[in-house]
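Look at the structure, then read on.

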Amino acid sequence: MAALERGASGWFEELRGFGIRLLWHPSVSEETGEEARAILARVESGEERLGALCIEGSILHGPEGTGLFNKLSGTGRSMLDWARALAPRADYCVAVGSCAAFGGVPAGAPDPTDASGLQYSGVDMGGALGPDYRSVKGLPVVNVSGCAPHPGWIMETLLALSLGRFTQADMDDYGRPRIFADHLAHHGCSRNEFYEFKASAEDVSERGCLMEHLGCKATQAVGDCNQRAWNGGGSCTQAGSTCIACTSPGFEATRGFHRTPKIGGIPVGLPLDMPKAWFVALAALSKSATPKRVRENARSDHVVRAPTPGAEKKKP
Amino acid sequence: MSRIIVGPFNRVEGDLEVTLDVENGVVREARVSASLYRGFEQLLLGRPAADALAIAPRICGICSVSQSLAAAAVLRAAQPIAPAPNGLLATNIAHAAENIADHLTHFYVFFMPDFARAAYAGRPWHAAAEARFKAVSGAALREALPARARLLETMGLIAGKWPHSLAFRAGGVTRALALGDEMRLRALLADFRGFLERTLFAAPLEAVTALSTIEELDRFADSAAGDFAAFLRIARDLRLEEMGRGPGLLLSSGAYFGPEGHRFPAGLLDTKTGGLREPPLDHIEEDVSHAYMRDTAADPALSDTLPDIHREGAYSFAKAPRLEGRAVEVGALARQAVAGHPLIRDLLAGGGSTVLARIVARVLEIALLAQAMEDWTRALAPSEPYCAPDAPLADGAFVGFVEAARGTLGHWASFRDGQIERYQIIAPTTWNFSPRDAAGAPGPLEQALAGLCVGEDGATNVAVQHIVRSFDPCMVCTAH
């Protein structure tokens with residue numbers, strides 16, 4: 001449903017503009033019941049070509065391996081069964097969202113439904129289709145992760161696939177399109193100055209960096225969330241609502257999303273690629289150099305002290 | 001007697017199967033089945049209480065803010081906290097944006113495309129309906145989807161993104177709006193009003209919300225050029241005012257809690273007697289006799305959710321909620337009926353809760369909420385806080401209610417030492433699409449389908465589509 005936000009004239013026009021025909025979509029297609037079952041049957045038999053199979057939602061294996069916690073209604077068959085039946089027919093198979101990619105929230109402890117992604121269970125390859133699955137065009141499942149994924153991630157991936165411009169080299173180690181996985185959610189964060197000086201928010205709705213105390217994982221999570229607009233201009237960190245690494249396999253395992261776990265006062269999860277000693281040394285140095293403006297704004301919900309750079313001094 | 005299974009029943013949110021027992025062309029009994037269970041209540045147990053704010057909204061990609069707010073409400077009930085007035089206003093603005101987006105999606109993407117189906121090819125309005133409303137290709141979608149996306153920019157401003165934001169807290173929202181943000185909000189609300197007044201209504205919002213009788217609605221249908229009037233003319237031809245009658249009890253828990261109370265009040269309305277009273281929300285029970293669930297306490301504050309796929313007689317993962325033992329209908333119709341909107345009361349007096357009344361109430365609510373969003377934006381106090389800090393959580397059992405787009409949403413939680421000990425969720429479509437209870441009494445949709453004449457068409461009868469979709473079911477919330 002996130003994709004419905006796409007396109008200056010709507011998502012359907014955008015698809016049409018690139019010659020992509022929606023064969024069937026549970027939320028938007030006219031065909032229902034028997035008519036929808038007929039389409040699925042034609043695809044399964046190979047009578048109808050399937051350019052891309054896009055699946056949303058975890059694949060549920062329970063109870064006892066039957067998959068019956070999620071039947072595709074009207075068919076008597078589980079989504080597990082349908083995914084295994086249709087994926088080999090598809091030129092490409094796309095997991096839309098972290099559930100279909102890695103298992104997502106339903107796979108969290110105690111994993112009541114034995115949930116997995118299409119080709120991963122958390123960080124482990126396997127999932128519903130198995131590690132060796134390749135689509136007709138030879139790709140593993142393309143994991144447009146995120147909870148929810150940005151509409152742009154979905155659409156740009158589909159476009160690149162439809163144009164034959166997307167190869168294995170365009171996926172990262174977890175099958176995520178490098179369209180967004182080449183970046184960290186931290187890149188371009190509007191709180192960057194607070195991060196640099198380790199001027200941290202300590203309570204909700206404060207403007208400071210959310211990493212030290214409030215659980216933010218943007219320095220550890222892939223995504224171009226702060227480089228492209230969400231809903232016209234926002235992002236989680238911009239809203240003060242902390243990055244929970246929703247593009248990462250296993251993000252649901254966190255206990256206490258709003259607090260940064262620490263050992264000896266130092267956050268356990270440090271920025272990717274950063275040696276701990278350097279982080280500690282730099283943090284201490286930058287804290288000691290924090291300008292008053294940054295320190296005060298970090299603990300306020302509105303800007304209480306505006307920048308007054310010397311270079312802009314008024315002429316007499 | 002023949003049994004027909006309709007599924008996958010699409011253009012609804014989530015997985016829905018409907019089984020009809022048909023005798024001599026008439027539906028004798030209907031059974032509605034939620035065919036997906038993910039176990040969110042089990043997933044919440046043992047977590048830090050505030051994790052509900054991250055986990056619960058992920059039940060659903062389109063009711064996300066409602067789930068967040070119900071979780072925030074139950075956390076608020078467990079701590080001595082006075083939410084920041086700005087925070088309540090910003091919350092209401094964001095919540096209304098989600099609910100309008102859902103109503104709009106329902107009208108343009110889920111409901112209207114059925115009138116473009118070939119089954120109506122003989123009707124005088126069919127060619128126009130096909131050009132304008134056909135699924136995926138209808139011209140109206142080229143206007144409605146961008147308008148919806150623009151409206152959802154509210155989420156970018158207030159909550160960072162939609163769906164699934166952690167901005168909503170017991171004490172308000174995590175982002176304080178500055179003057180520029182407030183102006184952007186006003187600009188996008190003005191854009192959205194423009195879309196409504198040009199396209200959906202082709203009339204000023206104030207003229208729409210002032211409609212107060214069936215006669216005035218009829219005149220509007222004949223005089224206005226917008227999509228709503230087009231629907232009303234089709235509805236008149238197809239007699240949608242006689243179709244899909246619900247159980248006659250309408251519940252609202254009170255919608256849009258602000259500094260001055262609820263914008264739309266709580267109430268329980270009996271459409272047969274006209275009696276309106278405070279809703280006995282502490283008399284909600286859940287029955288599992290026809291659900292794939294193990295036996296458990298009926299009181300949602302004490303019950304567990306443990307699936308049992310082999311349960312004898314079960315046909316849905318949804319439990320059957322009952323209020324004082326009775327099935328009730330929830331949604332925009334219930335909210336506006338309880339709030340006493342004269343047009344909605346007149347429609348109910350004319351035919352009860354039917355397909356027509358449900359659609360009119362939903363579209364009317366779009367107009368009411370667009371104006372409410374403008375009011376709330378004007379009431380924002382510059383430089384004042386948007387969020388009160390959390391206070392320590394008390395141990396014990398608590399409940400939080402909100403009105404989602406589709407109706408009453410309740411979260412029941414028990415906390416101990418800051419951890420979640422129990423969690424139960426009853427979503428709007430759990431009410432509307434509940435299975436039978438132990439007494440054999442059907443749920444609201446099951447009642448609304450019984451007696452429908454489907455003739456030779458059986459499952460392909462378009463009226464079945466209209467009735468089911470008139471409730472705007474959200475199946476992923478239903479069984480969660």
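## Terms and model

Two strands pair if DSSP finds at least two bridges between them. Helices (H or I, at least four residues) and strands (E, at least two) are DSSP runs, numbered from the N terminus.

This is a predicted model: local features need pLDDT of at least 70, side-chain atom pairs count only at pLDDT 80 or more, and totals for chains, interfaces and linings use all residues. Residues are numbered from 1 along each chain as its sequence is written, while chains are lettered from A and ligands numbered from 1 in the order in which they are written.

## A three-stranded sheet in chain B

Three strands of chain B form an open sheet, in the order β12-β13-β14, with antiparallel pairing. Its edge strands are β12 (396-404) and β14 (419-426) of chain B, and each pairs on one side only. Neighbouring strands of this sheet are turned by 20 degrees against each other on average, direction ignored. (Axes are lines fitted to C-alpha atoms, for helices over the stretch in contact, and angles run from 0 to 180 degrees between N-to-C directions.)

Strand β13 (residues 407-416) of chain B runs antiparallel to β14(B), and 7 bridges join them. One bridge partner in β14(B) is I426(B), which goes with G410(B). A helix also lies across β12 and β13 of chain B: α3 (residues 64-77) of chain B, at about 145 degrees to β12(B).

## A four-stranded sheet in chain B

Another open sheet has 4 strands of chain B in the order β8-β7-β6-β11, and its pairing is mixed. Here β8 and β11 (329-330) of chain B are the edge strands, each pairing on one side only.

Strands β6 (residues 249-258) and β7 (residues 261-270) of chain B pair in the antiparallel sense over 8 bridges. They form a hairpin with 2 residues between them. A255(B) has F264(B) in β7(B) as its bridge partner. S252(B) has G267(B) in β7(B). Next, 2 bridges join β7(B) to β8 (residues 276-277) of chain B, and these strands run antiparallel. L268(B) stands opposite R277(B) in β8(B). The hairpin of β7(B) and β8(B) has 5 residues between the strands, and in it G274(B) takes a positive phi near 80 degrees.

## A buried asparagine

Is N86(B) buried or exposed? N86(B) counts as buried, because it has 24 C-beta neighbours inside 10 Å. (A residue is buried if 20 or more other C-beta atoms lie within 10 Å of its own, exposed if 12 or fewer, and partly exposed in between; C-beta atoms are placed from the backbone.)

N86(B) is found in helix α4 (residues 85-111) of chain B. Leaving out residues up to four places away in sequence, N86(B) touches G172(B), L380(B), A381(B), E384(B), P385(B) and Y386(B). Here, two residues are in contact if their C-beta atoms, placed from the backbone, lie within 7 Å. N86(B) and P259(B) are 173 residues apart in sequence, yet 8.6 Å apart in space, C-alpha to C-alpha.

## Chain A and its domains

Chain A has 9 helices and 11 strands. Its C-alpha trace spans about 80 × 50 × 35 Å along its principal axes. Of its 316 residues, 50% count as buried.

The domain assignment, automatic or from a database, gives domain 1 (2-181) and domain 2 (184-301) of chain A. Their centres, taken over C-alpha atoms, are separated by 32 Å. In the contact between them, 18 residues of domain 1 of chain A meet 12 residues of domain 2 of chain A. On the domain 1 side, α4 (98-102) and α6 (178-181) of chain A each supply at least two residues.

## Core and chain contact

The largest nonpolar core has 262 residues. Such a core is a set of buried Ala, Val, Leu, Ile, Met, Phe, Trp, Tyr and Cys residues joined through C-beta atoms within 7 Å. A83(A) is one of those with the most contacts inside this core. Helix α14 (residues 355-379) of chain B gives the largest share, 16 residues. Both domains of chain A give residues to this core, so it lies between them.

Where the chains touch, the contact takes 68 residues from chain B and 59 residues from chain A. The largest share of the chain B side, 6 residues, comes from α6(B).
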